[in-house]
Amino acid sequence: MENQKYSPFNIKAATPGKLKEFLKDKPFRAYQILKWVWQKDAKDFSCMTDISKSLRERLSEEAFIPTHRLIRKVASSDGAIKFLFELLDGEKIESVFIPEGDRRTVCVSTQAGCPLRCAFCRTGLMGFKRNLEWWEIVEQVRAVREEVKERITNVVFMGMGEPFLNYDQVLNALRMLNNVNYGLGIGARKLTVSTAGIIPGILKFAEVKEQFKLAISLNATTDEVRSYLMPINKTYPLEPLFRALRHYCARKRKRITFEYVLIKGVNDTDEDAKRLGRIARSIPSKINLIPYNPCDELPFEEPDDRDVQRFYELLYPFNVTVTIRWSKGREIKAACGQLLAES
Ligand code: SAH
C-alpha cells in the first residue's frame with residue numbers, strides 16, 4: 001500500500017468528531033463519509049460521488065478504509081455460518097451469522113482470545129491476545145452483512161472474549177451499531193451484551209441511557225461449582241453479583257437473561273434446577289438453558305435431551321420464563337464456546 005508511508009488515517013477507527021477534525025470541513029461531510037463506509041460498504045474513496053473530487057483525492061492519499069480479511073467461511077446445514085477474520089495486525093477472530101425465523105443475528109467477538117479461561121469454553125484454550133477496538137467489533141457485523149447480503153436484525157456480543165473487560169470499546173461499538181444516521185441502525189433492544197459477571201461493568205452498564213440488553217452467563221448455582229467452571233467467580237462471587245444485577249434491573253427497569261449451560265453431571269442436578277428457579281425469581285430475569293456443546297479438547301459432556309427436559313420442567317413451579325437454546329452451528333464448531341480461531 002503506497003500511502004502507508006504517510007501513516008494514513010483509518011477512516012473506520014474515526015468517531016464523527018475525529019473525522020470532522022481530520023477533514024477540516026463541514027460536519028455534514030463527516031457523516032456522508034461514515035455513511036459510505038458503514039452503510040454502503042465503500043472500499044475506496046473514488047466511489048463517494050457526493051463528495052468533491054479534490055477531497056476524494058486528498059482522502060485517497062491520506063486515509064484508508066480497512067476491512068477484516070476473510071480467511072475462512074464455514075456453513076452449517078442449519079443455516080449458521082462461521083467466519084474467520086484476520087485483523088490488520090494478523091490476529092484472528094471469529095464471528096457467526098445465525099438466521100432464525102425473521103431474525104438475522106451476528107455473534108461478534110470483543111477480544112482476540114479470552115483471559116477468563118472458563119473450564120468448559122474452547123475460546124479460553126487459545127489464551128488472551130488483545131482487546132478489539134470498537135470499529136473492529138462493528139466491522140464484523142458490516143463484513144458479515146456484506147457477505148450474506150441480508151439485513152442484520154440482531155447482534156449478540158457472545159463470541160470470543162469478555163465484553164466487560166473491554167468496556168469502553170464495547171460501548172462505542174454498541175453506539176455505532178445503534179446509530180441510524182451514519183451507523184448500522186440496529187435498535188438498542190436488538191443488541192445484547194453477554195458477560196461472565198464482571199461487576200464493575202454491570203454497574204457502569206446500568207448508567208447507560210440506551211436500552212441495550214444484558215445477559216449473564218451464570219452456569220452454576222453455588223460458588224463452589226461456579227468457581228470451578230468460571231474462575232472469575234472467585235473475584236466476583238454470586239451474592240455480590242446478584243446485588244449488582246438487582247441494582248441494574250431497578251436502575252434500567254429491565255429484565256436480564258441468565259444463560260445456563262447445562263453440563264452433564266456437573267450443574268444439572270434437581271437441586272441446581274431449584275436453586276436456579278429461586279435465583280431467577282429473586283431478580284427480574286428470564287432463563288436461557290443451553291445444552292453444552294462438546295469439543296474434543298475438553299472433558300465435558302452434553303446432557304441427554306431427557307435430562308434437559310427434566311431440568312426445564314423443574315423450573316415450572318418458579319413461574320419464570322425459560323427457553324432452551326438448541327445451539328445452531330454445532331457441526332461447524334460455531335456454537336457457543338466453540339470459537340477458537342483455528343486456521
Ligand atoms: N465472556 C462472555 C461472552 C462469551 S458468551 C460471557 O461469558 O458471557 C459465550 C456464551 O456461551 C456464554 O454464555 C457461555 O456460558 C456459553 N458457552 C461457552 N462454552 C460453551 C459450550 N461449550 N457450550 C455451550 N455454551 C457455551
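Contact here means heavy atoms within 4.5 Å. Under that rule, and leaving aside neighbours within four places in sequence, Leu245 is in contact with Ile202, Leu214, Ile216, Ile256, Phe258 and Ile283. This is a predicted model, in which local features need pLDDT of at least 70 and side-chain atom pairs count only at pLDDT 80 or more, while totals for chains, interfaces and linings use all residues. Residues are numbered from 1 along each chain as its sequence is written, and side-chain values use heavy atoms, with hydrogens and water left out.

**Domains**
- The assignment gives domain 1 (9–64) and domain 2 (69–332), with bounds that come from an automatic or database domain assignment.
- The centres of domain 1 and domain 2, taken over C-alpha atoms, are 34 Å apart.
- Contact between them takes 15 residues from domain 1 and 15 residues from domain 2.

**Nonpolar core**
- A nonpolar core is a set of buried Ala, Val, Leu, Ile, Met, Phe, Trp, Tyr and Cys residues joined through side-chain atoms within 4.5 Å; buried means under 20% relative accessible area, exposed over 50%, and partly exposed in between (1.4 Å probe, protein chains only).
- The largest such core has 106 residues, of which Leu19, Phe157, Phe205 and Leu245 touch the most other members.
- Helix α4 (residues 134–148) gives the most to this core, eight residues; helices (H or I, at least four residues) and strands (E, at least two) are DSSP runs numbered from the N terminus.
- Domain 1 (9–64) and domain 2 (69–332) each supply at least three residues to the core.

**Sheet**
- Ten strands form an open sheet with mixed pairing, in the order β3-β4-β5-β6-β9-β10-β11-β12-β13-β14; two strands pair if DSSP finds at least two bridges between them.
- The edges are β3 (69–75) and β14 (321–324), each with a single partner strand, so one side of each has no neighbour in the sheet.
- From one strand to the next, the twist averages 20°.
- Strands β3 and β4 run antiparallel and are joined by six bridges, with Val74 partnered by Lys82 of β4.
- Five residues lie between the strands of the β3 and β4 hairpin, where Gly79 takes a positive phi near 105°.
- Strands β6 (residues 103–107) and β9 (residues 154–157) run parallel and are joined by three bridges; Val106 has Val155 of β9 as its bridge partner.
- Helix α4 lies across β3, β4 (81–86), β5 (92–100), β6 and β9, at about 125° to β4; axes are lines fitted to C-alpha atoms, for helices over the stretch in contact, and angles run from 0 to 180 degrees between N-to-C directions.

**Cysteines**
- A disulfide is taken as a pair of cysteine sulfur atoms within 2.5 Å, and the count by this rule is zero.
- The sulfur of Cys118 is 6.1 Å from the closest cysteine sulfur, in Cys121, which is too far for a bond.
- Cys118 is buried at 15% relative accessible area, and Cys249 is buried at 5%.

**Individual residues**
- Most residues other than glycine have a negative phi.
- Arg253 has a positive phi of about 50° although it is not a glycine; Arg253 is in the loop between α8 (238–252) and β12 (256–262) and is exposed at 77% relative accessibility.
- Asn319, also not a glycine, has a positive phi of about 55°; Asn319 is in the loop between α10 (305–314) and β14 and is exposed at 73%.
- Phe28 belongs to helix α2 (residues 27–39) and is partly exposed, with a relative accessible area of 49%.
- Phe28 and Pro16 are 12 residues apart in sequence and 9.6 Å apart in space, C-alpha to C-alpha.
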